[in-house]
Amino acid sequence: MGDNKIQVSISVRNLVEFILNSGDIDNRNGRRDAMEAMQQGSRLHRKIQKSMGSGYQAEVMMKTLVEKEYGGETYEICVEGRADGIFSEEDVPMIDEIKGVYMELVHMKEMIPVHRAQAMCYAYMYAKDCKHETVGIRLTYCNIESEQIKYFDEVFSSAEIYEWFDNLVMEYCKWAAWQYQWRMKMQESCKGLIFPFPYRPGQKELVAGVYKTIIRDKKLFIEAPTGVGKTISTVYPSVMAMGEGHAEKIFYTTAKTITRTVAEDTFQILIEKGLQFKVVTITAKEKICVLEKPDCNPVACERAGGHFDRVNDAVYDMLTHETRISRELIQEYAAKHRVCPFEMSLDVTLWADAVICDYNYIFDPNVYLRRFFANEKPQKFVFLIDEAHNLVERAREMYSATLYKDDFLTVKKLIGDHHKKLTNCLDRCNSDFLIMKRECDECEVFEDINGLALHLLRLMTEFDEYLQERVASEDKETIVRFYLDVRHFVHMHELLDENYLIYADYDDTSKFRLKLMCMDPSRNLLQCLNKGKSAIFFSATLLPIRYYREQLGGKDEDYAVYAPSPFSTDNRLLMVGTDVSTKYNRRTDSEYERIVQYIENFTAAKMGNYFVFFPSYAMLQSVAELAGERLPGLVLQTNSMTEEEKETFLLEFEEEAKETRIGFCVMGGIFSEGIDLKNDRLIGAVIVGTGLPMVCNERELFRGFYDERSHSGFEYAYLYVGMNKVLQSAGRVIRTIEDRGAILLLDERFLNRQYQELFPREWFPFETVQLSQMKEKLEAFWGSKYELP
């Protein structure tokens with residue numbers, strides 16, 4: 001193999017889906033999603049393969065090397081994948097491609113083009129390696145519910161299959177050439193790239209730790225207080241590792257829009273220092289869509305018609321003419337080529353060096369980026385997981401599923417007499433729910449729901465046929481939403497193991513529901529993380545690290561780091577009120593009056609901006625009503641605030657305040673994390689209570705589950721969740737080295753050992769106070785005397 005050959009690798013699936021995808025975006029039927037069948041076909045794959053006899057070779061790894069001249073360079077392109085099966089029929093070798101589907105096979109008249117192309121790639125490899133003059137392909141479509149099978153066969157001469165594959169690879173060459181040339185530029189730009197800031201205490205060691213974690217293919221869990229510079233300390237070493245060839249792509253994932261913006265700004269700092277790097281942020285479809293509300297079909301949106309015929313040209317046009325990629329540029333090129341900007345942004349990720357996105361695009365079984373993560377073979381991806389404390393609850397939600405009994409009857413009424421088989425299936429499932437409801441007084445745990453699962457599979461088949469009809473109805477959104485809920489439920493049922501509970505109960509409006517609850521998401525997350533080579537989890541509130549490492553798919557050999565805070569403790573006063581409690585049996589008017597007095601005295605010490613965080617909207621309102629006019633400049637967070645209302649709220653808290661402003665907020669809400677009120681935009685925070693979740697069926701099931709597993713039920717179900725909210729809320733105060741602020745924790749339970757074990761190191765030492773003693777502590781800290789209200 002000559003040194004002058006440029007080596008490029010791509011999977012069979014990615015090659016054909018990228019080069020040969022064509023036609024419209026069309027959400028008017030379920031076919032596109034149903035073709036994937038949510039990975040439900042794996043069981044049927046194995047069953048079909050076993051039934052084919054001893055002459056059938058299953059799961060055959062295949063690859064081929066193809067040399068192509070392009071632009072004066074020689075490219076050696078490695079195409080690889082795994083054929084479902086190889087067998088012979090009448091002395092003709094046949095490549096078998098098995099696909100599980102929900103649709104009735106009577107509607108299938110021909111092979112799906114992309115499936116055909118996958119099989120043809122393997123047919124080329126076999127013909128080339130085994131010197132066969134004739135080779136065939138078989139598409140085996142199997143209905144997941146009925147297990148009915150339909151075959152499509154096609155036979156090619158070696159000349160035909162060679163010519164077809166040659167044209168396919170040649171079309172890919174221009175992309176391979178662009179990718180190689182850009183990678184050379186990127187790697188060269190990394191050689192002289194230096195850390196863009198003076199290192200803060202402990203930051204250099206943190207950067208080195210991230211770099212070593214990546215090159216060793218490990219995971220790293222970082223507890224790093226605000227001000228450490230977590231983002232640049234993870235992005236910079238990841239970029240350097242990529243420049244040295246240790247990684248191929250960086251995925252920066254987070255749960256909040258504000259932290260995505262911080263990531264974009266961080267990459268931009270390095271680009272301004274000379275880094276050649278293409279970074280794309282995946283913007284939610286609802287935010288980037290050209291319509292007021294996404295409706296992805298050629299009738300509702302002109303760009304949907306023929307989108308896949310034009311989108312590759314749009315992406316190539318932008319990549320070859322623009323160095324930096326932004327949301328505005330994607331919108332501009334999408335308009336120029338008349339394509340969907342959201343779908344185009346997903347295609348751009350194939351060629352970007354870094355992808356900034358929500359957790360969903362990596363971990364959610366419904367929306368993860370299949371172009372990267374559908375293949376089982378690990379890639380040289382680095383996952384940077386910001387605000388990683390949020391991923392535990394988010395992952396539990398992603399891998400759980402809920403169905404409501406009433407929804408089956410609602411959808412049945414909407415469908416009416418249009419599809420008798422479908423309404424019969426809905427009746428059958430409703431009957432299953434009725435039986436469970438009769439057994440459930442308040443909350444009932446079930447060992448299995450296999451009978452219902454079979455009926456739901458049948459329902460999916462009939463739903464798919466119904467959606468093929470492209471029914472136009474004002475109720476279609478409700479019907480499709482229900483279809484997606486059932487599909488997700490069926491998918492999650494396939495994942496059931498010892499990390500799940502199945503239970504039924506009633507919601508706040510007394511509606512009966514059935515839930516597949518993911519109690520421990522670690523196994524599911526680990527399967528996603530194993531698609532890459534390294535993962536860096538970081539947060540200002542990742543305590544206790546052993547809990548997060550366990551829940552997020554970490555192993556004992558993975559690394560954990562506690563980064564020291566760069567802030568002087570002299571700039572922070574932390575007090576714990578020892579004569580107040582928010583326990584449920586203490587929530588009286590007299591206790592609320594004491595809380596109001598604490599807030600009055602705390603905010604009277606110095607004019608400025610303050611946040612007060614409550615465990616619920618109910619307590620927030622009760623204390624606000626009791627306070628009346630006693631608290632100056634009081635503004636309240638309300639439930640379900642819009643982006644505009646959120647911005648208006650934050651604008652109340654100005655720098656160099658001329659009067660005191662007090663914001664009442666909810667712990668765990670939109671103002672308790674992900675906002676950055678620097679300098680004197682926020683000088684103090686009162687945390688009312690320990691943030692423990694309300695006692696409910698789900699929390700109690702968590703408690704029982706982890707009591708049985710590790711005798712840590714209270715900690716897993718309540719304590720760690722609550723204290724994380726406390727730490728996040730308190731973290732709003734000190735944001736920069738220049739900041740100075742006071743924090744007051746109002747609950748005597750903070751003096752208990754189990755709570756203090758979760759205090760970050762920089763919270764020690766702290767002051768214990770009672771209402772009558774707080775004044776002198778505040779005067780000493782602020783350096784000025786004041787009169788109590």
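Helices, taken as DSSP runs of at least four residues, and strands, taken as runs of at least two, are numbered from the N terminus. On this basis the protein chain, which is described here from a predicted model, holds 28 helices and 24 strands.

The overall dimensions of the chain were considered next. Along its principal axes, the C-alpha trace spans about 95 × 70 × 50 Å. The radius of gyration of the protein chain is 29 Å, which agrees with the value near 28 Å that a compact globule of 789 residues would have. Of these 789 residues, 56% are buried, and the accessible surface of the chain amounts to about 34100 Å², with 46% of that surface belonging to carbon and sulfur atoms. When contacts between residues at least 6 apart in sequence are considered, 79% of them join residues that are at least 24 apart.

Aspartate 353 is buried and yet takes part in no salt bridge, the nearest side chain of opposite charge being that of arginine 183, at 4.3 Å. When neighbours within four places in sequence are left aside, the residues in contact with aspartate 353 include Trp182, Arg183 and Lys278, together with Met186, Met242 and Phe277.

The second residue, tyrosine 716, belongs to helix H26, which covers residues 713-730. Tyrosine 716 has a relative accessible area of 4% and is therefore buried, since that term applies to values under 20%. The side chain of tyrosine 716 makes a polar contact, at 2.9 Å, with the side chain of glutamate 550. Beyond its neighbours within four places in sequence, tyrosine 716 is in contact with Glu550 and with several other residues, among them Arg546, Tyr547, Gln551, Arg699 and Tyr706. Asparagine 601, by comparison, lies 115 residues from tyrosine 716 in sequence and 35 Å from it in space, as given by the distance from C-alpha to C-alpha.

Conventions: Residues numbered from 1 in each chain as written. Predicted model: local features only at pLDDT ≥ 70, side-chain atom pairs only at ≥ 80, totals over all residues. Heavy atoms only, no water. Buried < 20%, exposed > 50% of the residue type's maximum accessible area, 1.4 Å probe, protein only. Lys, Arg positive; Asp, Glu negative; His and termini not counted. Salt bridge = Lys/Arg side-chain N within 4 Å of Asp/Glu carboxyl O. Contact = heavy atoms within 4.5 Å. Rg over C-alpha atoms; globule rule 2.2 N^0.38 Å. Areas by Shrake-Rupley, 256 points an atom, 1.4 Å probe, with all protein chains shown as cover. Polar contact = N/O pair within 3.5 Å; in protein donor to acceptor, adjacent residues only side chain to side chain.
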